[in-house]
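Please examine the sequence and the three-dimensional structure shown below. The paragraphs that follow lead from the whole chain to individual residues.

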Amino acid sequence: AVDIGKGALAAFLGGILLGLAAPEQADVAYYREVGRAFATFCCIMGHVFPAPFGFRGGKGILCGMACVFVMEYHAGIICLLIFAVAVAATRYVSLGSVLGALSVPVTALAQGFSSLSMLLVCFSVALVVLKHYQNIIRLIQHRESKIDFRPDVSHKLDSEDF
């Protein structure tokens, strides 16, 4: 919940603050878009390399997903659908995460994002994919662990009530 809140708040505030800083005659929507994209990059960077924890953090998926929903909800929905389909089909969460992340720049491009926003989105996605480097290696080697949707009932086998 903290990662989702952190991501959503960062992108929301980034859009508002840069929109308020826009010059009088400027296109405020452009500044809001760039502000959200920049805040997304900064949020993911701060999540992946947090200074208080010795620059060792997470992989940026959950906070990045929240940012994407605020930045462009179409991209968030498509990313979430790709993630869900990939995980349901393969049971690899890391594969679903990477594929979902890779869909964001494509959707952003289709939505007409500016070149600066596209650059920031691509940097954000590249950071997420690079943090999944070890998972990708394990996927290639067929050593990545799969998620199990079935409940574990092995503890009940020893029970007299079973």
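How far apart are the mean positions of the positive and negative charges of the protein chain? The chain carries 12 positive and 11 negative charges, and their mean positions are 8 Å apart. This value, like every other in this text, is computed from a predicted model.

The overall architecture may be considered next. The protein chain contains 7 helices and 0 strands. Read from the N terminus on, the order of elements is therefore α-α-α-α-α-α-α. Along the principal axes, the C-alpha atoms occupy a box of roughly 75 × 35 × 30 Å. The chain has 162 residues, and 36% of them count as buried; a residue is called buried when its relative accessible area is under 20%. The accessible surface amounts to about 9900 Å², and carbon and sulfur atoms account for 67% of that area. Contacts also show how the chain is folded upon itself in sequence terms: among those between residues at least 6 apart in sequence, 60% join residues at least 24 apart.

From the whole chain, attention may turn to one pair of helices. Two packed helices are described by the angle between their axes and the distance between the axes. Helix α6 covers residues 115–131 and helix α7 covers residues 133–140. The two pack at an angle of about 55°, and their axes lie 4 Å apart. The helices α6 and α7 are therefore oblique to each other. On the side of α6, the contact is made by Val-129, Leu-130 and Lys-131, while α7 contributes Tyr-133, Asn-135 and Ile-136.

Which residues does Gly-7 touch, not counting residues up to four places away in sequence? Gly-7 belongs to helix α1, and its contacts on this count are Cys-43, Cys-63, Ala-66 and Cys-67. Gly-7 counts as buried because its relative accessibility is 0%, and the limit for that class is under 20%. Gly-7 and Val-34 are 27 residues apart along the chain, and their C-alpha atoms are separated by 16 Å.

Ile-16 is also found in helix α1, which spans residues 2–20. Is Ile-16 buried or partly exposed? With a relative accessible area of 33%, Ile-16 is partly exposed. The C-alpha atom of Ile-16 is 7.5 Å from that of Gly-35, although 19 residues separate the two along the chain.

Gly-35 itself lies in helix α2. The relative accessible area of Gly-35 is 4%, so this residue is buried. Leaving aside residues up to four places away in sequence, Gly-35 touches Gly-14, Gly-15 and Leu-18. Gly-35 and Leu-17 are 18 residues apart in sequence, and the distance between their C-alpha atoms is 7.2 Å.

Most residues other than glycine have a negative phi. Which value does phi of Phe-55 take? In Phe-55 phi is near 60°, a positive value in a residue other than glycine. Phe-55 is located in the loop between α2 (28–48) and α3 (61–71). His-142 likewise is not a glycine, yet its phi is positive, at about 60°. The position of His-142 is in the segment after α7. His-142 is exposed because its relative accessible area is 68%, and that class begins over 50%.

The segment after α7 also holds Asp-148. The relative accessible area of Asp-148 is 43%, and the residue is therefore partly exposed. How far apart in space are Asp-148 and Phe-83? Their C-alpha atoms are 16 Å apart, and in sequence the two residues are 65 residues apart.

Definitions and conventions
Residues are numbered from 1 along each chain as its sequence is written. This is a predicted model: local features need pLDDT of at least 70, side-chain atom pairs count only at pLDDT 80 or more; totals for chains, interfaces and linings use all residues. Side-chain values use heavy atoms; hydrogens and water are left out. Buried means under 20% relative accessible area, exposed over 50%, partly exposed in between (1.4 Å probe, protein chains only). Contact means heavy atoms within 4.5 Å. Accessible areas come from the Shrake-Rupley method with a 1.4 Å probe; for residues, only the protein chains shown count as cover. Lys and Arg count as positive and Asp and Glu as negative; His and the chain ends are not counted. The place of a charge is taken as NZ of Lys, CZ of Arg, CG of Asp or CD of Glu. Axes are lines fitted to C-alpha atoms, for helices over the stretch in contact, and angles run from 0 to 180 degrees between N-to-C directions. Angles under 35 degrees count as roughly parallel, over 145 as roughly antiparallel, 65 to 115 as roughly perpendicular and the rest as oblique.
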